[in-house]
Amino acid sequence: LLVDKGNHRHFMAKEIHEQPEVVGHTLASLVRFDTDEIELPELPFDFAEIPRLTISACGTAYYAGLVAKYWFERWARLPVEVDIASELRYRDAVLDEGGVSLFISQSGETADTLATLRHCREHGQKIISVVNVTESSIARESDLVLPTLAGPEIGVASTKAFTAQLTVLACLAIAAGKARGVIDEAREKELVGALNEVPRHMATLLRDEVPYEEIGHALSKADDVLYLGRGQNFPLAMEGALKLKEISYIHAEGYAAGELKHGPIALIDEKMPVIVIAPRDGLFDKTVSNMQEVAARGGQIILISDAESGEAGCALDGLLHVPPVDPFVAPLVYAIPIQLIAYHTATLMGTDVDQPRNLAKSVTVE
Ligand code: G6P
């Protein structure tokens, strides 16, 4: 299979730009275009009858699982546990007979995830997986595969596979909500409607990368970066930090905004950029007060939001404007800014963005 970079400098840039299309394709494979209803292949279990869902994955796929936990709990009232694959396997987890384990993997070959899948099967779990490479070991060993239609992902740092995973997981959460009688058809249409808007919002964000180059300049001088988010955007903060670490080699940490005061606030000084993911949702005001705590200690604040700078209640060092979106789909849309921040910071620093040091695209050792 021959994959080229097209007009892009790096595979990663190309893959970031493919996301409107990839999300659109993946959605089209799960949604009936005439009725906007989710249409999944037959599941090997009934969502109405399971007491909980156990999700495991590694790296970026793990963060997709963490976002999905918010969705399954909010829209399906289904308890979810999310584990790093290499942890679930060895922590003597309680896996009830007939329970359901969900695995997320771009490559379908990650050794930790595969070993955990086998462990869960041995403990009587039904196995479903969300994978990008359908002829992979994880796909072969699953009772049901829900493919992400991201196409080949070459850049080591995952981008389009992540948003494709989120797309599948969002649809699965809606299907679970319906099966469990938590959401009705009207709500389903509303949520699917919000998902259908995602490619357009992504395309809008991808039209102008200049603000990201500017932020990249500022970040390229930093030794440490803190990423903050709340609720379903907390996993995104961790993903944003992971992207920065992976390709720019800047130390970054993702924190729940409310947890700032319990430790990381001690790190804040004038040299510390803090990137805040804060859509204007029900948690916006809470995050704003966390941001003010950072400002009061002289930290540099970069806000990613649909809000205007006046609403921040403090001086900002950067505002990356995102179109207003339904809060349900915010993690999909806000994925674009965090990827662009990492990409532009890394390219300015001259690192090998597609092949960062010490990392492999698919880690087939435990
Ligand atoms: C490697 C890659 C990460 C990826 C992780 C899981 O560490 O560098 O980008 O998120 O593996 O890969 P998978 O193929 O299972 O999604």
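The model is predicted. The secondary structure of the protein chain amounts to 12 helices and 10 strands. With a radius of gyration of 20 Å, close to the 21 Å that the globule rule gives for 366 residues, the chain is as compact as a globular protein of that length.

**Overall dimensions and burial**

- Taken along the principal axes, the box filled by the C-alpha atoms of the protein chain is roughly 55 × 45 × 45 Å.
- Buried residues make up 51% of the 366 residues in the protein chain.

**Contacts along the sequence**

- When contacts between residues at least 6 apart in sequence are considered, 75% of them join residues at least 24 apart.

**Packing of helix 8 with helix 12**

- Helix 8 spans residues 185-206 and helix 12 spans residues 330-349; their axes come within 9 Å and cross at roughly 20°.
- Angles under 35 degrees count as roughly parallel, and helix 8 and helix 12 are therefore roughly parallel to each other.
- The crossing of these two helices, helix 8 and helix 12, is right-handed.
- On the side of helix 8, the contact is formed by Val198, His201, Met202, Leu205 and Leu206; helix 12 contributes Leu332, Val333, Ile336 and Pro337.
- By residue class, this contact of helix 8 with helix 12 comprises eight nonpolar residues, one polar residue and no charged residues.

How values were computed
Residues are numbered from 1 along each chain as its sequence is written. This is a predicted model: local features need pLDDT of at least 70, side-chain atom pairs count only at pLDDT 80 or more; totals for chains, interfaces and linings use all residues. Axes are lines fitted to C-alpha atoms, for helices over the stretch in contact, and angles run from 0 to 180 degrees between N-to-C directions. Helices (H or I, at least four residues) and strands (E, at least two) are DSSP runs, numbered from the N terminus. Angles under 35 degrees count as roughly parallel, over 145 as roughly antiparallel, 65 to 115 as roughly perpendicular and the rest as oblique. A crossing is left-handed if the near helix is turned anticlockwise from the far one by less than a right angle, and right-handed if clockwise. Two residues are in contact if their C-beta atoms, placed from the backbone, lie within 7 Å. Ala, Val, Leu, Ile, Met, Phe, Trp, Tyr, Cys and Pro count as nonpolar, Asp, Glu, Lys and Arg as charged, and the others, Gly among them, as polar. The radius of gyration is taken over C-alpha atoms; the globule rule is 2.2 Å times the number of residues to the power 0.38. A residue is buried if 20 or more other C-beta atoms lie within 10 Å of its own, exposed if 12 or fewer, and partly exposed in between; C-beta atoms are placed from the backbone.
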